[in-house]
Amino acid sequence: MLARSRSVAEALLAHEAVGQLLRFAVAGAGVTLFAAGVYLLAAMQLGVAPLAANTISTACGVVVGYLIHSRWSFRAGDGDHASQATKFLICAGAAYALNSFWVWLAVHALGLPAWTPVTGMVFVTPLASFAANRYWVFA
């Protein structure tokens with residue numbers, strides 16, 4: 001049984017999409033922590049207004065995210081960076097819009113507590129972003 005489980009795991013890890021998904025998850029977590037750090041530095045140490053600090057941290061996160069995902073998560077190599085960066089920005093905007101939809105749906109439309117959109121933000125939006133990046137941005 002253990003040998004069969006090990007061979008299934010090895011087969012999964014050998015699949016390109018699984019490796020990309022794992023790298024995407026690790027990179028995404030790192031980019032999220034980086035952006036949170038930028039936000040905290042700007043808002044708490046530099047006295048930037050919180051919404052402006054969020055905008056700055058999001059912009060920094062998108063730039064770092066593109067650099068990491070293009071080079072490591074999807075190993076895009078020497079592709080058309082202008083086209084990829086434009087598509088990446090569109091996907092980042094779509095992810096923001098999707099997260100905003102979760103907030104609207106849960107909090108405003110359904111009257112649920114403010115923490116409830118996090119489920120969609122953590123589980124659905126990243127998978128949608130991964131698919132868009134894999135099959136469109138870095139295809």
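This is a predicted model: local features need pLDDT of at least 70, side-chain atom pairs count only at pLDDT 80 or more; totals for chains, interfaces and linings use all residues.
**Helix 3 and its surroundings**

Let me begin with a pair of helices: the axes of helix 2 and helix 3 come within 8 Å of each other, and they cross at roughly 150°. Since an angle over 145 degrees counts as roughly antiparallel, that crossing makes helix 2 roughly antiparallel to helix 3. The crossing in which helix 2 passes helix 3 is right-handed, and the contact of these two helices, sorted by residue class, has 17 nonpolar residues, eight polar ones and one charged one.

Now to helix 3 itself, which covers residues 50-73, and whose buried residues are Ala53, Ser57, Gly61, Val62, Gly65, Tyr66, His69, Ser70 and Ser73. What do these buried residues pack against? They pack against helix 2, residues 16-45, and also against helix 4, residues 81-109.

Moving to the ends of the helix, valine 48 lies in the loop between helix 2 and helix 3, and with a relative accessible area of 23% it is partly exposed. With residues up to four places away in sequence again not counted, valine 48 touches Ala42, Ala43, Ala53 and Ile56; of these, Ala53 is also among the buried residues of helix 3.

Finally, a word on the cysteines. How many disulfides does the structure hold? The number is zero, and for cysteine 60 the reason is distance, because its sulfur is 20 Å from the closest cysteine sulfur, in cysteine 91, which is too far for a bond, given that a disulfide requires sulfur atoms within 2.5 Å. Cysteine 91 is likewise in no disulfide, its nearest cysteine sulfur being that of cysteine 60. Are these two cysteines buried or partly exposed? Cysteine 60 counts as partly exposed, at 29% relative accessibility, whereas cysteine 91, at 10%, counts as buried.

Terms used: Residues are numbered from 1 along each chain as its sequence is written. Side-chain values use heavy atoms; hydrogens and water are left out. Buried means under 20% relative accessible area, exposed over 50%, partly exposed in between (1.4 Å probe, protein chains only). Helices (H or I, at least four residues) and strands (E, at least two) are DSSP runs, numbered from the N terminus. Contact means heavy atoms within 4.5 Å. Axes are lines fitted to C-alpha atoms, for helices over the stretch in contact, and angles run from 0 to 180 degrees between N-to-C directions. Angles under 35 degrees count as roughly parallel, over 145 as roughly antiparallel, 65 to 115 as roughly perpendicular and the rest as oblique. A crossing is left-handed if the near helix is turned anticlockwise from the far one by less than a right angle, and right-handed if clockwise. Ala, Val, Leu, Ile, Met, Phe, Trp, Tyr, Cys and Pro count as nonpolar, Asp, Glu, Lys and Arg as charged, and the others, Gly among them, as polar.
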